[in-house]
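Biologist: Could you take a close look at the aromatic rings in this one for me? What sits against what, and where?

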Amino acid sequence: MTTSTTGFAPNRLRSAAFAPIGDEGRVELVEVRLVQAISTGAFTEGERLPSENELARHLGVSVDTVREALGLLRGEGLIETRRGRHGGSFVRTTAGAVEAFNTRSLMEMSRLALADLGVQYEIISAGCAEYASRRATTEDLDVVERILQDALDLPRTAWRQRITAAQLELAALSQSVRLTADHVRLQTEFTPLLALQDADIRQRQVTHEQVLAQLDATRRGDIARVTAVVREGIRGSVRWLIAYRSELIARGSEAHSQDPFSIRNGD
């Protein structure tokens with residue numbers, strides 16, 4: 001299996017981001033889907049989003065719904081609209097705006113819903129990890145190793161994109177279409193929340209080491225170890241997010257604009 005460190009994750013994440021919304025095609029859901037696509041690196045700074053008609057077709061909603069959602073994103077400072085022959089909606093430099101949006105999303109999510117999302121993500125990820133350990137080749141795993149190489153030295157946003165690419169690649173090595181599709185969908189939903197940890201370099205180090213440990217256990221075909229690493233990592237992240245959510249709620253609206261690292265350390 002061959003892949004690139006820049007093309008793999010966006011392709012899978014875009015497919016998940018643009019899965020049909022169906023009858024629940026509310027403006028807010030379209031807005032969330034597009035923010036998730038930007039948060040996970042499916043679309044990067046300066047990149048043009050699909051047209052309103054394309055988004056409406058992919059998401060199964062009306063063009064008016066898409067247009068209203070794009071208006072909300074412009075108001076959030078996440079995209080800008082350019083006119084003319086080469087115009088359209090383009091992703092802006094949005095690290096702060098994306099983090100503020102994801103912080104609000106975390107605060108609005110119930111503790112039970114967050115824990116339930118973590119359970120589902122853990123089960124699917126552990127299943128992918130088990131079958132990757134059975135089926136991945138050395139060449140497959142070398143691709144993941146190259147994705148991770150020097151990643152920890154990158155800025156936090158670029159590091160998160162690289163980690164997401166590695167996690168998606170490891171899931172795909174399960175060679176299960178259904179498991180991989182479920183993993184991509186859940187990763188698209190969960191990664192924007194996980195990225196709230198990334199302000200803390202120590203937490204990035206922990207996550208990075210866990211992915212490396214998963215890669216090593218997969219190479220050795222150690223199913224017990226690889227599933228334990230995956231489960232431990234996700235449970236640790238969920239505990240972090242639950243604690244962070246509690247702190248955000250305790251501090252109220254002032255927390256929206258504060259750095260997660262400063263909040264967790266009482267600054």
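Modeller: Let me start with a term: buried means under 20% relative accessible area, exposed means over 50%, and partly exposed is in between, using a 1.4 Å probe and protein chains only. Bear in mind that this is a predicted model, so local features need pLDDT of at least 70, side-chain atom pairs count only at pLDDT 80 or more, and totals for chains, interfaces and linings use all residues. Residues are numbered from 1 along each chain as its sequence is written, and side-chain values use heavy atoms, with hydrogens and water left out.

Searching the whole structure turns up 2 aromatic pairs. Rings of Phe, Tyr and Trp (its six-membered ring) pair if their centres lie within 6.5 Å; planes under 30 degrees apart are stacked, over 60 edge-to-face, and the rest tilted. Tyr121 and Phe190 make an edge-to-face pair, 5.0 Å centre to centre with 65° between the planes. Tyr121 belongs to helix α6 (residues 111-135) and Phe190 to helix α9 (residues 177-194), so this pair ties together parts 69 residues apart in sequence. Helices here are DSSP runs (H or I, at least four residues), numbered from the N terminus. Phe190 is buried at 0% relative accessible area, and Tyr121 is buried too, at 4%.

Then there's Trp240 with Tyr244: their ring centres are 5.0 Å apart and the planes sit at 50°, so that pair is tilted. Both are in helix α11 (residues 223-251), 4 residues apart, which is about one helical turn. Trp240 counts as buried at 10%, and Tyr244 is buried at 0%.

Definitions and conventions:
Helix = DSSP H or I, 4+ residues; strand = E, 2+ residues; numbered from the N terminus.
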